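Could you walk me through this model in the viewer, one selection at a time? I'd like to know what to click next and what sits there.

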Amino acid sequence: MIRELKQGEALPWDLLLNADPDRAIVTTYLSASRVFVSENGEQAILGVLVLMPLPEAHHYEIMNVSVDPAHFRQGIGRALMTHVLADIQVRDRQAVIWIKTGDIGVEPIGLYESVGFEIVDVVKDYFVDHYAEPIYENGQLLRHQVIMRLRK
């Protein structure tokens, strides 16, 4: 089941920090965002997606997508993405939706492309310049940010 968290509900910090390890950065966008979760029958949160409206009219960014590692490859990330994309496109027919990710994660990029995103830019050394601590994925230093936009 996918649902939007209500104001004041506990946030799944373990999942949020899985996708973005800098709590201060995550905190900066949460208050202006909608948070969606995927739950199992026992209301255990298996995945989270954070959607934030951007200052430019009709523009939105998926700020955070994370699935509990014990539940990888079960379609939870795809279900969250499709649910949220359908929801925002119903609410705003002119929506332009963005997502940014690291360049090392082949699986996330593949997921985003499979639901309709395309790469439009790469920001060199983004993660080196904007994070206090180095981030490693698959044993490699994460350096570059991939910017993707949902195809119309």
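One term before we start: buried means under 20% relative accessible area, exposed means over 50%, and partly exposed is in between (1.4 Å probe, protein chains only). The model is predicted, so local features need pLDDT of at least 70 and side-chain atom pairs count only at pLDDT 80 or more, while totals for chains, interfaces and linings use all residues. Residues are numbered from 1 along each chain as its sequence is written, and side-chain values use heavy atoms, with hydrogens and water left out.

**Stop 1: the aromatic cluster.** Select Tyr-126, Phe-127 and Tyr-131, which form one aromatic cluster. Rings of Phe, Tyr and Trp (its six-membered ring) pair if their centres lie within 6.5 Å; planes under 30 degrees apart are stacked, over 60 edge-to-face, and the rest tilted. Tyr-126 and Phe-127 are edge-to-face because their planes meet at 85°, with the centres 5.2 Å apart. Phe-127 and Tyr-131 make a tilted pair, at 35° and 5.6 Å centre to centre. Is Phe-127 buried or exposed? With a relative accessibility of 10%, Phe-127 is buried, and Tyr-131 is buried too. Tyr-126, at 22%, is partly exposed.

**Stop 2: Asp-20.** Asp-20 lies in the loop between helix H1 (13-19) and helix H2 (23-30); helices (H or I, at least four residues) and strands (E, at least two) are DSSP runs, numbered from the N terminus. Asp-20 is buried but has no salt bridge, that is, a side-chain nitrogen of Lys or Arg within 4 Å of a carboxyl oxygen of Asp or Glu. Lys-100 is the nearest side chain of opposite charge, 11 Å away (Lys and Arg count as positive, Asp and Glu as negative; His and the chain ends are not counted).

**Stop 3: the largest core.** Now show Leu-49, Ile-62, Met-81 and Phe-117, which have the most contacts inside the largest nonpolar core, a group of 25 residues. Such a core is a set of buried Ala, Val, Leu, Ile, Met, Phe, Trp, Tyr and Cys residues joined through side-chain atoms within 4.5 Å. Which element supplies the largest share of this core? Colour H3 to see the answer: H3 gives 6 residues.

Then centre on Ile-62: setting aside neighbours within four places in sequence, its contacts include Leu-49, Met-81, Leu-85, Trp-98 and Phe-117.

Technical notes. Contact = heavy atoms within 4.5 Å.
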